[in-house]
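Please look over the sequence and the model before reading on.

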Amino acid sequence: MFLVSPLRIARSRTPWSPYVSQQPSNVSAREAEIAVEQRHVSHVYDRLDQLRSQAEAMRDRGYEMGHGANREAVFEQATMLFERDMMVFHANQVLQSLDAEYEGLVFGRLDHFDREVTYVGRLGVRDAEFNNLVTDWRAPAAAAFYQGRPEEPMGVVRRRVIRCTAARVQDVDDDVLMPSAVPDDMRVVGEGALMAALGRARGEKMRDIVATIQREQDEAIRAPWRGVTEITGGPGTGKTAVALHRAAYLLYRNRKQLGGSGVLVVGPSPVFTNYISRVLPSMGETNVELRALGEVLDGVGTTRMDTAPLAALKGSLRMRKLLKRALREPPPDAPAEMRIVYRGEVLKLDAAELAKVRRRIHSKVSQPNRSRVRAAEILLEALWEKAESYLDGTFTPRRNELITDLGERIEFHRFLVTWWQILTPEQVLGWLADRDMLARTAGKSFTAEEIDALAASFSQAFEDPAQGPSVADVALLDELRVLLGHPPKRRRRAAPDVAAGAESTGAPARPANYDEYSHIVVDEAQDLSPMQWRMIGRRGRYASWTVVGDPVQSSWPDAEEAAQARDAAFGASTQRRRFALRTNYRNSAEIFSFAARVVHGIADEAELPDAVRSTGVQPRIEVAAPAEFAARTVSAVRELLDVVDGTIGVITAMDRAGDAEKWVAAVHDDRLRVVGSLEAKGLEYDAVVVVEPQELIRESTTGPRALYVALTRATQRLVVVCSEQSWLP
């Protein structure tokens, strides 16, 4: 296996890459050093070609082993088939890693005090004699690439960033950590590798930062895996990238503990999860699950957003009490009366008596869907009590005989299945579209206005097939899933189904709503409602956690309630550690200084990061009448597309995003995106046009914080189109 084990890695001399290369005198120092690194990088890619050929041969041999296997021979050939599957799976994993890491595989070099050289890259590579060619960035020997500094050089004289396109070295950039130890024959070239990386144009997907991880970020990435690791920081501090790199690092170092049970990454929206989707595969990790909040519950996927006040209402823990009361209600189509004849006597239970029986059942069971047998027993007991009240000289039933006789009757079972139904979460939540039922279950916990808003929302979600549930509804559906329980299933013997030559994934199928993840990453954690924390907490009963957020960007109005739900979700994870990222690498200093003004007096100054990059370009405000917004937005978009190489984002209030899409429809450029304010969370663009800030403030329960988020999405240019400027202090 070519991947380097963290326990076996060792630095090695690399005779093909000495400090000084023999170059013509007219070649510059930079060109000479690029040539030095090119020889080593070419050597590495030659080795990759060999490894690819070996993996392909292994896969082909595996397929040949399975040739001719059939259903009748499965059990006789079990050992051979298992070996076949493992061989094919392993070969495909190797090929997958080689493909994922091919671009820019080698990105760093460490020249140590003892003149040993360590190359750092996306994965570990050894030659045929097991000599180390590249050290995986996650290995302990690579830590100095990220953690070394002049005050603590960690034995490193020169740290070099190598920028490659595929197998071609484009540039090198050096930092000297031990100036007094630099040999006479060591060349030092370039400066500003980080700033150069930060200035690169943004694309549709987030890039990994393995070549530019900074010390404060690296400390969070390499923190122990157990317990809860909280990473906080303002816009542009790299929180999300650090969390994803941490997931890759933990899987590399603790694959035995974490790999089998799996890692779950939860983000705020599908737009966000799509944006980050290439980061982990680019580091060779393809088995991590990425889910948006509207996709956490299996079988449900939604992007529809409620208004901020309505989402806050649905996210409150008050909803849990409401849901528990709702499932105790009889289904709207349940029979209101039961009549059954026993030995000539009509045994009748009216609506009030049936309601009493229902309450008695709920007092004795925890999950109704798993309790139909118990419900039948208690209903039969109620029928006996009714019969007992009819006792006279001619009607003298015996308890056991009555219960046995009625319990075997088809009419009793027909009544039972309609009166004590197996319910789905969607059914129960759909009941609450009935305002009267909602008012009964809400009790005094909700105001009349809140009941009206909830009833209207559930009516839209569950009575209009074109709508469906909102993102906030998903957590309610998941709560009901647990409260209702799954009905017991009959065991069925599954026939073996092995196809000759079939490709094995090597991973066991997980049950629906899997709750045994070994590690959970939650991004934009400051926006999760208490009900959403409960939903995610169920998936992490045995997990360690990485939680990423920024209190200043929070859209949740009751921070204390959310914090309590978050702590409950962590369960038995008692080890807690916190890392605060203080440097804003995304925004130019001009843009961030402008954005910070809108939260002045709301946010603690200590919570705001320091922007380290200046472009000299100030944000621009364009005041216009609302009727002119479309033309002004299109004009700004066209201008920005001309002056930046990367992506352009148009950010509006959620209910204006559809209009903005129409405004820019005639601008045919795949670099342009339109997003609502809630969808903008975690994203970044080279340039941004924010339309009517007051609308973003009004739609949020936390006011200017939503605008702060929108203004900090831009890395180079920012234009604000507005009707007035009272939003800017």
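Q: In which strand does asparagine 587 lie?
A: The model is a predicted one, and its strands are numbered from the N terminus. Asparagine 587 falls within residues 583-588, and the strand that covers them is E15.

Q: Is asparagine 587 buried or exposed?
A: A residue counts as buried when its relative accessible area is under 20%. For asparagine 587 the relative accessible area is 0%, and therefore this residue is buried.

Q: Which backbone oxygen does the side chain of asparagine 587 reach at 2.6 Å?
A: A polar contact requires a pair of N or O atoms within 3.5 Å. A polar atom of the asparagine 587 side chain lies 3.0 Å from the backbone oxygen of threonine 712, a residue that is also listed among the contacts of asparagine 587, together with Arg713 and others. The oxygen reached at 2.6 Å is that of alanine 714.

Q: How far apart are the end C-alpha atoms of helix H19?
A: Helix H19 comprises residues 471-484, and at 1.5 Å a residue its 14 residues should span 20 Å. The distance between its end C-alpha atoms agrees with that expectation, at 20 Å.

Q: How many of the 14 residues of H19 are buried?
A: Across the 729 residues of the chain, 53% count as buried. H19 itself is mostly covered, and the number of its residues that are buried is 13.

Q: Which residue follows H19?
A: The residue after H19 has a positive phi, near 80°. That residue is glycine 485.

Notes
Residues are numbered from 1 along each chain as its sequence is written. This is a predicted model: local features need pLDDT of at least 70, side-chain atom pairs count only at pLDDT 80 or more; totals for chains, interfaces and linings use all residues. Side-chain values use heavy atoms; hydrogens and water are left out. Helices (H or I, at least four residues) and strands (E, at least two) are DSSP runs, numbered from the N terminus. Buried means under 20% relative accessible area, exposed over 50%, partly exposed in between (1.4 Å probe, protein chains only). A polar contact is a pair of N or O atoms within 3.5 Å; within protein, one must be able to donate a hydrogen and the other to accept it, and residues adjacent in sequence count only if both atoms are side-chain atoms. Contact means heavy atoms within 4.5 Å. The expected span of a helix is 1.5 Å times one less than its number of residues. Lists of a residue's contacts leave out its neighbours within four places in sequence.
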